[in-house]
Amino acid sequence: MIEISLMFSGGVDSTVAALHLAETHDRVHLLTFANGYGHYGFGRTKRRADELMARAPGRFVYHFESTRALFETIALKTLADDYARFGSGFVWCLGCKLAMHVASVRYDRAHGLSRHTDGSNADTSEMVEQSLISLSLVAHFYEDHGVAFGPTDYDLSRDEKRAFLKGSGLRMGLPLRDRYLGIQPSCIPGELYYLPYLLLKRPPRHPERVVAGYILSKRPLMDRLARGEEA
Amino acid sequence: MACCGGKGGAQPISRARYAVGSLLLFGYHGVAGAVLEAAALAVPRFRPVARFHRRYLEDLWRAVRTRDGIRFLGEPGDEGCAVGTGPEKAG
């Protein structure tokens, strides 16, 4: 049986990824994580997962997990120091995502899965966790724990994804510019961090060297946590 | 100043958008900050978060007030430039 896990929010990117993966895999494990800090609306994700499971019974498995403890260990314990050292609020968002990657590795290892993916997209690469430098360093992390990682449909444009999703007959949510509201969880800190970009066109600052420095500084801790060792 | 070319560059906005956008931005931050400070009084795990938000908001306030990374329409440098030809390219 060919299986893969997918970090899943229920939004456009991860839903399209799930549909595509279901064409080439016998089972797709949809993994949803909540960090416990202003991260809410997971009923939306569950509804999307239910839609997919009803559409292709047996093809999807849904898993919801709190990453609060991992997030606190990886990001919050050193938040002030990291902010001073790396000089950008991305330490919150990226720390959150790294915790989710650790949780994914744990899930994959527990279920004997050797492939993991997410809905990262070139069109939203201004988001620090979807930048190429982040994805490539995260891929090394997975690889070192015996899991192959790469985003699904990274170069498929958002317009193409929207068209695909509309054609699939699944719920689209409330359109707002290039986003759809009400189909995936919300994150208040994430909204606050990207708001200057959305409102004032002030781009977030994610120099590759700095982003890489942050991820690499967390790697030893992530490795220990992924192996289930004490931090 | 970063070139407008590419996704990494600041895109010019109108002065009205700057004013309204700043109000919305700091309004949201203000409410979130107040809730966080109140939560931090009762729940210890929110204390480092509240401290971080305070520091972050101070820096953001300074950046928006001085228009660091924010450009107005019609200002010099708003002629447009091709992707990857600006100062960010040189690094």
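**Close-up views of a predicted two-chain model**

**View 1. Strands β1 and β2 of chain A pair in parallel.** Strand β1 (residues 3-7) and strand β2 (residues 27-34) of chain A share five bridges. Strands pair if DSSP finds at least two bridges between them. Strands (E, at least two residues) and helices (H or I, at least four) are DSSP runs, numbered from the N terminus. A:Ile4 has A:Val28 of β2(A) as its bridge partner. This is a predicted model: local features need pLDDT of at least 70, side-chain atom pairs count only at pLDDT 80 or more, and totals for chains, interfaces and linings use all residues. Residues are numbered from 1 along each chain as its sequence is written, with chains lettered from A and ligands numbered from 1 in written order.

**View 2. Five strands of chain A form an open sheet.** The order is β4-β2-β1-β5-β6, with parallel pairing. At the edges lie β4 (60-66) and β6 (148-149) of chain A, each pairing on one side only.

**View 3. Helix α5 packs against helix α9 in chain A.** The angle between α5 (residues 90-110) and α9 (residues 208-226) is about 35°, and the axes are 10 Å apart. Axes are lines fitted to C-alpha atoms, for helices over the stretch in contact; angles run from 0 to 180 degrees between N-to-C directions. The contact includes A:Leu98 of α5(A) and A:Met222 of α9(A). Contact means C-beta atoms, placed from the backbone, within 7 Å.

Conventions: Contact = placed C-beta atoms within 7 Å.
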